[in-house]
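Open the model in a viewer and keep the selection panel at hand. The stops below go from one pair of side chains to the next, then out to the whole chain.

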Amino acid sequence: FLQRFDVSTCCCFTNFLIVIKKDDAFPTELDDDDHTLAYYGICDGTEILMNEVDIEAKQREEARIAKEHEQRLAKQEREARALQELKKSDARARSVAIEKAVQRPAA
């Protein structure tokens, strides 16, 4: 049916809405391009909503989200390594302090 509207199926997804009560109608997805509009029961008075999706914009957005995710992971890994180094440093300092206390003669 999208051929009738000169729209590429890779650039949009389609819903149809039967206009009986404008405030009360829910869209139903037309998910099979092999069927005609009559197959879906679309007749006069039916409003067809075509939501065009910009594929390139969608890919750019997905790439941006992936990049932000990678940056967050890298930051968390740096912070975790810094925290581990701090804990190791603290453990070494305590170990040295204990050794000094043990080596000090009792007065």
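Select Lys 88 and Glu 85 in this predicted model: the two residues sit 3 apart in helix 1, so about one helical turn separates them. Their side chains meet in a salt bridge, with 3.9 Å from N to O. Lys 88 is partly exposed at 45% relative accessibility, and Glu 85 is partly exposed with a relative accessible area of 45%.

Next, select Asp 90 and Arg 94. Both belong to helix 1, 4 residues apart, or about one turn of the helix. Asp 90 counts as partly exposed, at 38% relative accessibility, whereas Arg 94 counts as exposed, at 56%.

Zoom in on Arg 64 and Glu 68: their closest N and O atoms are 2.6 Å apart. These two residues are 4 apart in helix 1 (residues 55-103), so about one helical turn lies between them. Arg 64 is partly exposed at 38% relative accessibility; Glu 68 is also partly exposed, with a relative accessible area of 33%.

How many salt bridges does a search of the whole structure find? The search finds 4.

Finally, show the whole chain and colour by secondary structure. The elements run β-β-β-α from the N terminus, giving 3 strands and 1 helix. Colour by burial next: buried residues make up 11% of the 107 residues. The accessible surface comes to about 9300 Å², with 53% belonging to carbon and sulfur atoms.

Methods: Residues are numbered from 1 along each chain as its sequence is written. This is a predicted model: local features need pLDDT of at least 70, side-chain atom pairs count only at pLDDT 80 or more; totals for chains, interfaces and linings use all residues. Side-chain values use heavy atoms; hydrogens and water are left out. Buried means under 20% relative accessible area, exposed over 50%, partly exposed in between (1.4 Å probe, protein chains only). Accessible areas come from the Shrake-Rupley method with a 1.4 Å probe; for residues, only the protein chains shown count as cover.
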